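Please look over the structure below.

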Amino acid sequence: MIKIALAGNPNCGKTMLFNALTDSNQYVGNWAGVTVEAKEGRLKDEKDVIVADLPGIYSLSPYTPEEVVARNYLVNEEPDVILNIIDGTNLERNLYLTTQLCEIGIPVVMAINMIDLVKKNGDIINLEEISEHFGCVCFEISALKGTGVKKCAKKAVELARTNKGIPPIHHSFDDRVESAIHFISAMLPDGTDMLHKRYYATKIFERDRLVSDNFPDCESIIKDVEKYYDDDSESIIADQRYKYITSCIDECRTKSGKTPISEKIDAVVTNKYLSLPIFVLIMFGVYYLSVTTLGSYLSDLITQKLFGAEGLALLADNFLTSINCAPWLTSLITDGIIGGVGAVLSFVPQIIVLFIFLSFLEDCGYMSRIAFIMDRLFRKFGLSGKSFIPILVGTGCGVPGIMSSRTIENVNERRMTIITTTFIPCGAKLPVISLIASSLFGGAWWVAPSAYFTGIASIIISGIILKKTRIFSGDVSPFVMELPSYHMPTLKSVFRATWDRSWSYVKKAGTIIFLASCAVWFLSNFGFYDGKFGMVQYMDNSVLAYIGNFVHIIFSPLGFGTWQASVATLLGLVAKEEIVGVFGVLYGNISEGFNALSGYSFLVFNLLCAPCVAAMGAIRREMNSPKWTLFAIGYQCFFAYCVSLCIYQLGLLFVSGDFAISTIFAFLIIAALIFMLIRKPYNNRKITKR
């Protein structure tokens, strides 16, 4: 088997190229940190060629989890060839990694990506000069449009088969540094792979902890060079790499001198004062169109034609009755399956509309700006902009959002991000938002956007509260992010991203939701009556009603103390869409069990409480600790309960003047919240005591 490793800087287009080469459907987002682990696939039309998509890295130094993953793959797995993807709009930064890849000793093929944007800016890249300076075959490609993709892949395979083991040309450092690297190389054990000797020697000189611990002590050689340059060894190497790149770049590229359109747009959308209002307006528009207007109109059509009173349920009922089907089976199919699964599937148009807008914003480059903008806001509350990346991913599904937290180096910030990521409404929560908005608020324009910004506010408030505790205290880690150039997404990329997310929703409706709806129908139609177990006439006598009545007292202070709402909330922990499925089976009309205030309280609780089972499993994997997993789930449920209690009890007080013991608890919660928000951070309290 031949192995091709795709290596490059974050957001240079590796994953898009990987999808094009292997016909895969890996998630593609136009920001750094989307790929968090090495993924492999087979090259199209080449059964013996494996392509590995490595996380985006700026260097081979082991500072971040992504760099460790990528470096270990390149050194330990020893791919036959490295396909180095380079963002053509930023050659200087990208070529820094290239200088290191050339030292590993593995053949390198360079693919200058985003060549369409380079030409649009009026710049010219001289491929022959780059090839000459780095000793690598060089191609112009556009992973987005598919230009040059097959040609560079074919060359990589050819190079792997015919020139295996022939390394590219590495650049030379200053004489003193070269001499030190030569001496260190000579001191390496005889068993050291000759292809990797220069790489190891350079890393030892940089005092790379993952390499130097396993080789001879060369400290005296390194200190002599540091004394001469009056700088540390790592900075010496970095400085000389950039000097070499700078000396090459004028021969390799001709700049047009025009101001890129991305800079003109950023002058507005990243403006200190305008950026947040613009973000609010854009997200308001996305949810307004997805839930309240366009998406709602399409969903209503499907509901009426397919799952309404005159749709599939009526057709199925007429057919089953005509063949004398047993009443219980007729009820299972019409009320359980069509009622439950149909209620979930009727929201597919809204899901599709939402994901079209989100995919467009991600692909064009706007969403990466939001992480940059949010860094200003989040930094004040204990999180960095890097914590917003999982939140962006989590708008599709909480599972990949939680997994994206791996890119956060600071352990405390990573844990805080995992705990708060699922506060943002994912695709599975959209049907719940839409159901409440349409059934209890008459499709009011503000309900859906308010759900999104409730999630944002909860993340910020939680960040402040948690960061001021002892276990999460500490300085906020720096956030550095390369903003990608704006570009118009292709229909193919938007369609693929939308299809992947929407199909995942539909698959869940056809499996988990189907089984859960059948279980809900059975438990709501069978129970003990007159000392016998069997089908009951009234749902209030069913097993499900018994379970709901057992736990409903917990939710009574929140305004939804019916057994149906309690069951829906519990089954929402299996899959959030199942909340709608439960209502489809148990309620003829949701307004029978809710009013506007209790409905909004129900919505907020289910948006903020513990996520679905799959997301809880992701929390367990990423936390790698049962204790922290329980803390995360417990905090989410407790926070959701407190917020929902305050909304309902204070709403009752202001709307109808009702005052009860629960109202006192609501005021106490608000007082405690204000105290935790304004109190000094743990480190400052510690200093004050001293």
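Is Asp116 buried, partly exposed or exposed? This model is predicted. In it, Asp116 is partly exposed, with a relative accessible area of 22%.

## Asp116 and Lys145

Asp116 has a charged partner. Lys145 forms a salt bridge with Asp116, and their closest N and O atoms are 3.7 Å apart.

The accessibility classes of the partners can be set side by side. Lys145 has a relative accessible area of 56%, so Lys145 counts as exposed. Asp116, at 22%, is partly exposed.

## Salt bridges and a network

How many salt bridges does a search of the whole structure find? The search finds 19. One of them joins Glu46 to Arg161, with the closest N and O atoms 3.3 Å apart. Here too the pair links distant parts of the chain, 115 residues apart. Glu46 is in the loop between β2 (39–42) and β3 (49–53), and Arg161 is in helix α6 (residues 149–162).

Glu46 is partly exposed, with a relative accessibility of 26%. Arg161 is also partly exposed, at 44%. The pair belongs to a network: salt bridges link Glu46, Asp48 and Arg161.

## Glu226 and Arg207

Glu226 forms a salt bridge with Arg207, and the closest N and O atoms are 2.5 Å apart. Glu226 is in helix α10 (residues 219–229). Arg207 is in the loop between α8 (197–205) and α9 (209–212). The two are 19 residues apart, and the pair links distant parts of the chain.

Glu226 has a relative accessible area of 13%, so Glu226 is buried. Arg207, at 32%, is partly exposed. Arg207 has a backbone feature as well. Just after α8, Arg207 takes a positive phi of about 60 degrees.

Why is α8 described as largely enclosed by the rest of the structure? Nine of the nine residues of α8 are buried, so the description follows from the count.

Ser185 is found in helix α7 (residues 175–187). Ser185 has a relative accessibility of 17%, so Ser185 counts as buried.

## Helices α21 and α30

Two packed helices are described by the angle between their axes and the distance between the axes. Helix α21 (residues 411–421) and helix α30 (residues 613–623) pack at an angle of about 175 degrees. Their axes are 11 Å apart. The angle makes α21 roughly antiparallel to α30, because angles over 145 degrees count as roughly antiparallel.

Which residues make this contact? From α21 come Arg415, Ile418 and Ile419. From α30 come Ile619, Glu622 and Met623. By class, the contact has four nonpolar and two charged residues, with no polar residues.

Definitions and conventions: Residues numbered from 1 in each chain as written. Predicted model: local features only at pLDDT ≥ 70, side-chain atom pairs only at ≥ 80, totals over all residues. Heavy atoms only, no water. Axes fitted to C-alpha atoms, helices over the stretch in contact; angles between N-to-C directions. Helix = DSSP H or I, 4+ residues; strand = E, 2+ residues; numbered from the N terminus. Parallel < 35°, antiparallel > 145°, perpendicular 65-115°, else oblique. Contact = heavy atoms within 4.5 Å. Nonpolar A, V, L, I, M, F, W, Y, C, P; charged D, E, K, R; others polar. Buried < 20%, exposed > 50% of the residue type's maximum accessible area, 1.4 Å probe, protein only. Salt bridge = Lys/Arg side-chain N within 4 Å of Asp/Glu carboxyl O.
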